[in-house]
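Please read the points alongside the coordinates.

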Amino acid sequence: MSSPRPSVSPSDLAAIDIGSNSFRLEIGQITPGRYKRVEYLKETVRLGAGLDTDGMLTEEAAARGLACLSRFAQRLAGYAPGQVRAVATQTLREARNRDLFLARAQTVLGHPIEVISGREEARLIYAGVARLQPSEQPRLVIDIGGRSTEMILGCGRTPQRAESFQVGSVSLSLRFFPDGKFTEQAFRNAQIAAGAEFEEALAPFARSLWTEALGSSGTAGAVSQLLQANGITDGAITPDGLRWCIAQCLKAGRADRLALTGLKDDRRAVLGGGLAILYTLATHFGIDALQPARGALRQGVIFDLDERREGSQAGARSHDMREASVQELQRRFEVDTAQAQRVASVASTLFGQVEPAADTARVRQLAWACALHEIGMMVSHHDHHRHSAYLLGHADAAGFSQSEQRRLAELVLAQRGGLRKVEPQLGDESFAWQVMCLRLAIIGCHARQAVDPARVTLSRKDKVAVLTVPSTWTDTHPRTLYLLDEETAVWERSGMLRLQVRR
């Protein structure tokens, strides 16, 4: 007889970390000044070991990942969309067929999966550590994953420098210890390769810039437990302790022969690569003792999700890191914020008329697209929509996942000209309505003067939109009416939605 499913509390928040080595599910509750873990599940999936030489995720690895997510989905039954956030890291950043896997994975999980950039991963890692292990000292936080390593400098809750390097315990182990055999030469070669990746970080993360070093998550946690269980250190990862670990590997000769107290079976295959990275970091950055951290990516995701929930409430958007990133991008690319606000006011009003039941995420996407649709003008006024799309798709924007940035890029790309360039995306009807509202708002505000949104209405019947403008516009807004006539022809050619203009 199966055990009863735990009840779902509205205060429960769940984070899923789809890593290169392990998948993790954490459910927690946040109260003022306190974080309570409700449940934690971890499975070793080795998704990163399933990337072939062409950068394609193999079906075998995909099947392991989907099976794990199916089990996570059972635990998350009854959770509302706003209570769950799933993020994927380096393996799915690299996989050329990631979209195919993500489509299957999201169906199995029942929740969207966001592929986050390396710097965003680093920011979230620091958020988890800073909240669960607070300190006002300048600190270096290191997280060694399966296919990437994140390094963050910060003080208090503020990350001051965050970088991601494409070297991890899985990728290094597959390259230098492919058959599980340990040799001195293999360790030397692995350390040289790791050192080459970290060389550019020597100045930005120099020893003089921090007073304590913390190791977050899998590799650091596993080595810390190994050293403590064998009485080598109190859990601190030291150069001497790492040399002892490497010596034990060489003594055993092979990963499957390692019999050390505190070493879990799921760590054997990736221990060599993890030790090589840790020893390289210790010697190159002068780390005398790397202390295990209490926080990690999954807790950072939960804290960020909590801020997003607060940020979705009227008047509280300053809590959402994405709002700050949008403002920073506007500042960096010298956006005409008055024009952006004019366009946003009209577009949001129109979208509310044709998609009144749209979720908050869609509404905010449109608002952000309006805020940033002209950032490409910093590059060139000619085809600025293409420059805007490129910048939005590739800029570092804290709080945004790669998939969110791609969605914004597609929206601003569609702001003018023909629609063939976003034809595949227009199959998503909500996206098509976002595009139409953005384009109509830009046309209405093309003279860079205020437009009263209440004087323009957009109604819909099935896939036909009717834009009603004041009858007086025939004489007072001839250029706007000309552009609207051109717009009806664009949508007619698209075959997706139709637009009619009534005066």
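Are Trp368 and Phe400 buried or exposed?

1. Trp368 is buried, as is Phe400; buried denotes under 20% relative accessible area and exposed over 50%, with partly exposed in between, for a 1.4 Å probe and protein chains only. The model is a predicted one, in which local features need pLDDT of at least 70, side-chain atom pairs count only at pLDDT 80 or more, and totals for chains, interfaces and linings use all residues. Residues are numbered from 1 along each chain as its sequence is written, and side-chain values use heavy atoms, with hydrogens and water left out.

2. Rings of Phe, Tyr and Trp (its six-membered ring) are taken as a pair if their centres lie within 6.5 Å; planes under 30 degrees apart are stacked, over 60 edge-to-face, and the rest tilted. By this rule there are 6 aromatic pairs. In one of them, the ring centres of Phe177 and Phe187 are 4.9 Å apart with planes at 55°, so the pair is tilted. Phe177 belongs to the loop between helix H5 (169-176) and helix H6 (184-198), while Phe187 is in helix H6, so the pair ties together parts 10 residues apart in sequence. Helices (H or I, at least four residues) and strands (E, at least two) are DSSP runs numbered from the N terminus. Phe177 and Phe187 are both buried, and together with Phe182 they form one aromatic cluster.

3. For Trp368 and Phe400, the ring centres are 5.0 Å apart and the planes stand at 80°, so this pair is edge-to-face. The pair links distant parts of the chain, 32 residues apart: Trp368 is in helix H13 (residues 360-372), and Phe400 in the loop between helix H14 (384-394) and helix H15 (402-413).

4. Two arginines are placed over aromatic rings, a charge counting as over a ring if NZ of Lys or CZ of Arg is within 6 Å of the ring centre and within 35 degrees of the ring normal. The charged end of Arg131 is 4.1 Å from the ring centre of Phe303. Arg207 lies over the face of Trp210, also with 4.1 Å to the ring centre.

5. E11 pairs with strand E12 (residues 464-468) in the antiparallel sense over 5 bridges, and Thr457 stands opposite Thr468 in E12.

Notes: Two strands pair if DSSP finds at least two bridges between them.
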